[in-house]
Amino acid sequence: PLHAVERVAEMVDRRVAGEPLQYVLGRWQFRQLNLHVDSRVLIPRPETEQLVSAASETLEGRIAPVVVDLGTGSGAIALSFALEFEDAQVWATDISASALEVAARNLSELPGQAIERVHLSAGSWFQALPDDVRGTVDLVISNPPYVTESEWPELDPVVHDWEPKGALVAGSEGLDDIEVIIGGALDWLNDRGALCVEIAPHQERAVRKLALISGFASAVVETDLADRKRWLLATKIWGSGHKT
């Protein structure tokens, strides 16, 4: 049909103009999910899939765990936990109303029981959570902004020109939002709770120090499949809920 040919031609033109393939297609795979994605949210990446795998280990053996995904974007992390842990209660927060619109669309495609266990909430980091969640959370997880202001102009144009800057850049050291997350997490975690945050490899020492100063008993930075330091895992109790 003619409209299909026109649609393909439009998609080719968009890609030739530099728009990321994921946005052109309008969907992208993340673990077991086939997500809607557009320029309102970050493109889901393999590193973040590994983040979910690492964080999932902290929930082994737990009944009805409470998971908080801060800065959910497309909902990739939050919806993965809802789908992969059949009794998990999941909170997905974002300060961006447009990002939450994308997350809501993706949530609507989950199986019925999983939909009922996900709560989308607007607000800045922990401010988006209701107070009765405080102290009950098994896992706080986030892929926050961690690019520095000086790095922003140097990013690949496919990122710089298309993906939302607010979801990528966090001050001169790239730590503005990570500091808020690490500093606030202990109040929301239960005694066996864990924090898992994606970071840039060069931030390893800084984030470990932040976690220990904030009162976490343990703070390790684990590597991704490319052997880059990629996420912080911090726990209230030494080694709680994690194999390492």
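Which helix lies across β8 and β9, and at about what angle does it run to β8? Helix α9 (residues 204-214) lies across these two strands, running at about 155 degrees to β8. Axes are lines fitted to C-alpha atoms, for helices over the stretch in contact, and angles run from 0 to 180 degrees between N-to-C directions.

1. Basis of the note. The model is predicted: local features need pLDDT of at least 70, side-chain atom pairs count only at pLDDT 80 or more, and totals for chains, interfaces and linings use all residues. Residues are numbered from 1 along each chain as its sequence is written, and side-chain values use heavy atoms, with hydrogens and water left out. Helices (H or I, at least four residues) and strands (E, at least two) are DSSP runs, numbered from the N terminus.

2. The sheet. An open sheet with mixed pairing is formed by 7 strands, in the order β5-β4-β3-β6-β7-β9-β8. Strands β5 (118-122) and β8 (218-223) are its edges, each pairing on one side only. From one strand to the next, the twist averages 15 degrees. Two strands are taken to pair if DSSP finds at least two bridges between them.

3. Strand β6 and its partners. Strand β3 (residues 66-70) pairs with strand β6 (residues 137-142) in the parallel sense, over 4 bridges. Within this pairing, Leu-70 has Ser-142 as its bridge partner, and Asp-69 stands opposite Ile-141. The pairing of β6 with β7 is also parallel and runs over 5 bridges; here Leu-139 stands opposite Ala-194. Because 6 of the 6 residues of β6 are buried, this strand is largely enclosed by the rest of the structure. Buried means under 20% relative accessible area, exposed over 50%, and partly exposed in between (1.4 Å probe, protein chains only).

4. Helix α8 on the sheet. Helix α8 (residues 176-188) packs on the sheet and touches β3, β6, β7 (189-198) and β9 (229-235). The direction of α8 makes about 165 degrees with that of β7. Contact means heavy atoms within 4.5 Å.

5. Aromatic pairs. The whole structure contains 2 aromatic pairs. Phe-81 and Phe-85 have ring centres 5.7 Å apart and planes at 25 degrees, so this pair is stacked; both residues are buried. The pair of Phe-126 and Trp-188 is stacked too, with 6.0 Å centre to centre and 5 degrees between the planes. This second pair links distant parts of the chain, 62 residues apart: Phe-126 is in the loop between β5 and β6, and Trp-188 is in helix α8. Rings of Phe, Tyr and Trp (its six-membered ring) pair if their centres lie within 6.5 Å; planes under 30 degrees apart count as stacked, over 60 as edge-to-face and the rest as tilted.

6. Surroundings of Trp-188. Phe-126 and Trp-188 are both buried. The charged end of Arg-134 sits over the ring of Trp-188, 4.2 Å from its centre (criterion: NZ of Lys or CZ of Arg within 6 Å of the ring centre and within 35 degrees of the ring normal).

7. His-36. This residue is found in strand β2 (residues 33-36) and counts as buried because its relative accessibility is 9%. The side chain of His-36 makes polar contacts with the side chains of Arg-105 (3.2 Å) and Glu-109 (2.6 Å). A polar contact is a pair of N or O atoms within 3.5 Å; within protein, one must be able to donate a hydrogen and the other to accept it, and residues adjacent in sequence count only if both atoms are side-chain atoms.
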